[in-house]
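My notes follow in the order in which I looked.

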Amino acid sequence: MAEEEGPAVELCQRKKPKSSENKESAKEEKINDTPIPERAPKYVIFQRFAKIFIGCLAAVTSGMMYALYLSAFHERKFWFSNRQELEREITFQGDSAIYYSYYKDMLKAPSFERGVYELTHNNKTVSLKTINAVQQMSLYPELIASVLYQATGSNEIIEPMYFYIGIVFGLQGIYVTALFVTSWLMSGTWLAGMLTVAWFIINRVDTTRIEYSIPLRENWALPYFACQVAALTGYLKSNLNTYTERFCYLLMSASTYTFMMMWEYSHYLLFLQAVSLFLLDVFSVAQGDKVHEVYKIYIFSLFLGYLLQFENPALLVSPLLSLVAALMLTKCLQLYGKKGTFVAKIMKVINFYLVCTLPVTLNIIIKMFVPHKENEHILKFLEVKFGLNMTKNFTMNWLLCQESLQTPSQDFFLRLTQSSLLPFYILVLIICLLSMMQVIFGRINGKSLKETVTLEDGRIGERPEIIYHIIHTILLGSLAMVLEGLKYIWTPYVCMLAAFGVCSPELWMTLFKWLRLRTVHPILLALILSMAVPTIIGLSLWKEFFPRLMTELTELQEFYDPDTVELMTWIKRQAPVAAVFAGSPQLMGVIKLCTGWMVTSLPLYNDDDLLKRNENIYQIYSKRSAEDIYKILTSYKANYLIVEDAICNEVGTMRGCRVKDLLDIANGHVVCEEGKKLTYSKYGRFCHEVKINYSPYVNYFTRVYWNRSYFVYKINTVISFQS
């Protein structure tokens with residue numbers, strides 16, 4: 001087009017030789033500038049494409065490398081490939097053994113439909129009890145894994161256990177990738193994602209339990225929650241185009257529902273997220289429509305989950321449903337109140353009152369009409385945990401003694417400090433929190449928000465996605481300070497938020513605005529620090545921790561438990577197929593996995609009947625008579641009793657938390673407890689007395705097998721009740 005305009009310009013000059021020089025120069029500039037609008041967008045598009053491509057490549061590579069690292073570490077830790085099938089299965093302990101045993105059952109079933117039916121009407125696991133294992137234990141991961149294993153023809157390529165473990169490790173790779181993307185979206189640079197992954201792996205003792213218990217529900221569920229958080233972060237960003245916003249919404253919907261199906265406690269975590277979004281909406285720093293679209297996703301996921309989880313009442317009485325329903329109702333009233341000035345003022349008062357009271361009221365009303373027993377023990381536990389109630393109940397005190405339900409130790413904070421994670425997290429949190437408060441107070445004073453926040457503004461607390469993450473991490477951190485088990489949800493958040501902060505020029509610019517820096521151009525310094533600080537952190541982490549990671553992969557560890565292997569071998573060879581075994585719930589889970597024999601209890605803590613069974617079976621370590629123990633065991637149709645020497649002769653590190661101590665407190669068999677006089681039992685401790693083989697114990701129990709760790713007794717059917 002420039003070539004066509006050339007002659008025309010010359011012709012004009014010939015016809016109008018007296019035209020001014022300014023017009024000629026203006027035309028020349030126009031001619032010279034015509035290619036620039038064509039070249040500039042291409043250059044910008046190429047630059048953006050290259051940035052996105054490199055970032056996506058780094059994110060996917062980080063996830064794949066982490067999954068491969070977990071696989072290699074697991075192989076070195078357990079020497080897995082050189083183990084027999086029985087020895088591999090023993091590496092699954094407690095509830096992990098139960099989950100994997102049902103995966104095995106699904107593969108043995110003649111068809112998928114038959115396998116699902118047997119799990120939903122399961123009467124071959126716990127004696128005298130038929131359970132819906134799919135609903136009660138959230139076995140959807142096992143159902144999906146079994147379908148994938150058979151549908152893909154993997155049975156001809158890979159063993160079932162390797163396939164199962166590989167899926168979990170692959171999900172952990174997705175977990176890391178999602179954290180990478182979230183930090184990238186917040187900071188605008190994929191360097192933040194790399195730092196997030198580095199901190200996550202270095203602090204993996206506090207970020208994940210994958211090393212200790214692979215089939216845990218949280219290892220299946222949290223990757224989907226991380227994807228949901230990444231999609232929500234993108235969805236809350238301002239100035240999104242329609243296609244990006246729609247993609248984020250669809251990804252968020254799918255990951256929210258999947259997360260809810262994978263973990264029975266997922267709705268509690270989504271409740272915290274809903275509270276964060278509610279506060280975000282209250283502060284009027286985001287589009288209210290977007291927040292309420294997320295509420296619709298919650299409601300849809302809850303009701304669809306309720307239907308597909310066999311009408312699980314726990315989802316209906318969930319605080320998430322009550323909160324979201326109340327907030328949507330108050331939103332409708334708020335929209336109605338905008339019609340008039342006086343009406344608007346009245347509706348604001350009513351709206352505030354409803355927000356404070358309606359969620360609780362709805363929850364109480366729902367609980368009146370919906371029968372629920374699944375989570376009552378959680379409320380009782382919280383009452384005892386926070387000192388609102390005192391109890392001698394064995395189950396409550398045993399739960400309080402679990403490490404995951406204790407307050408975090410000093411070692412936890414020391415580890416985070418040594419990796420430089422905690423100091424930078426606190427710095428980022430303080431700056432973002434102060435900036436957020438500055439924006440909120442400005443909003444209260446009538447100051448309007450900018451549609452687009454630029455780097456020069458230095459107001460990182462004005463971005464809605466940042467405010468959401470600040471509120472969410474404060475809520476999670478507050479709970480993690482009370483229950484150590486929640487650190488596995490909070491610490492990955494800490495890695496992501498700290499990495500975002502140190503790599504974000506906006507955060508440094510916000511700080512420089514407050515300091516009123518004049519000696520150096522603040523924008524230039526902010527850009528330099530956003531690159532220099534993470535680079536220095538990365539180099540220091542590489543120097544200090546990379547050799548340790550390599551050492552872990554080169555050292556051969558060995559999981560050696562010959563006593564348990566011998567016990568499982570004896571059961572499979574000597575015990576009748578219809579036999580029922582009684583013992584500690586953790587051991588019963590391993591027996592169910594390795595032998596398939598029926599047991600009296602399971603290491604599950606979401607069912608009141610199973611909790612009561614566990615307490616009754618644990619009485620074999622109390623000071624009760626042989627007749628009492630015999631009556632308890634025969635009431636559950638047990639044929640064999642297994643006494644573990646590790647529990648009977650336990651030397652606990654925490655005072656009062658040994659199983660036998662908790663039983664003595666519950667049964668009143670201690671001298672004094674908090675100034676109260678209690679009496680001794682006239683009987684010795686059963687697990688000690690039964691080993692001596694004297695009357696009346698030999699009348700009830702006959703020892704049939706023993707090794708260094710386990711003593712197996714056959715429960716006699718014909719008894720002579722002579723003392």
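**Disulfides.** I took a disulfide to be a pair of cysteine sulfur atoms within 2.5 Å, and I kept in mind that the model is a predicted one. With that cut-off I found that the structure holds two disulfides.

I began with Cys 401 and Cys 657, which form a disulfide with their sulfur atoms 2.0 Å apart. Cys 401 lies in the loop between α20 (394-400) and α21 (410-418), while Cys 657 lies in the loop between α31 (645-648) and α32 (659-667), so this pair ties together parts that are 256 residues apart in sequence. I read a torsion of -75° about the S-S bond, and the link of Cys 401 and Cys 657 is left-handed.

I went on to Cys 648 and Cys 687, which form a disulfide with their sulfur atoms 2.0 Å apart. Cys 648 belongs to helix α31 and Cys 687 to helix α33 (residues 686-689), so the pair ties together parts that are 39 residues apart in sequence. The torsion about the S-S bond of Cys 648 and Cys 687 is about 80°, so I noted this disulfide as right-handed. Both Cys 648 and Cys 687 are buried.

Counting the bonded cysteines along the protein chain, I get the disulfide pattern 1-3, 2-4.

I also checked the burial of two further cysteines. Cys 227 is buried at a relative accessible area of 18%, and Cys 495 counts as buried at 0% relative accessibility.

**Aromatic pairs.** I next went through rings whose centres lie within 6.5 Å, and the count came to 35 aromatic pairs. One of them is Phe 49 with Phe 53: the ring centres are 6.2 Å apart and the planes stand at 20°, so the pair is stacked, given that planes under 30 degrees apart count as stacked. Phe 49 and Phe 53 are four residues apart in helix α3 (residues 36-78), a separation of about one helical turn. An α-helix has 3.6 residues a turn, so residues three or four places apart point the same way. Phe 49 is exposed, with a relative accessible area of 56%.

I then turned to Phe 225 and Phe 259, an aromatic pair that is tilted, with 5.0 Å from centre to centre and 35° between the planes. Phe 225 lies in helix α12 (residues 217-236) and Phe 259 in helix α13 (residues 242-262), so the pair ties together parts that are 34 residues apart in sequence. Both Phe 225 and Phe 259 are buried.

I also noted one aromatic cluster, formed by Tyr 630, Phe 686, Tyr 694, Tyr 697, Tyr 700 and Phe 701.

**Charges over rings.** I found Arg 88 over the face of Phe 80, at 5.7 Å from the ring centre. I also found the charged end of Lys 290 over the ring of Tyr 235, 5.4 Å from its centre.

**Helix α23.** Last, I looked up helix α23 (residues 464-480), which has 17 residues and reaches 24 Å from its first C-alpha to its last, close to the 24 Å expected at 1.5 Å a residue.

Note on methods: Residues numbered from 1 in each chain as written. Predicted model: local features only at pLDDT ≥ 70, side-chain atom pairs only at ≥ 80, totals over all residues. Heavy atoms only, no water. Helix = DSSP H or I, 4+ residues; strand = E, 2+ residues; numbered from the N terminus. Expected span 1.5 Å × (residues − 1). Buried < 20%, exposed > 50% of the residue type's maximum accessible area, 1.4 Å probe, protein only. Phe/Tyr/Trp six-rings, centres within 6.5 Å; stacked < 30°, edge-to-face > 60°. Lys NZ or Arg CZ within 6 Å of the ring centre and 35° of its normal.
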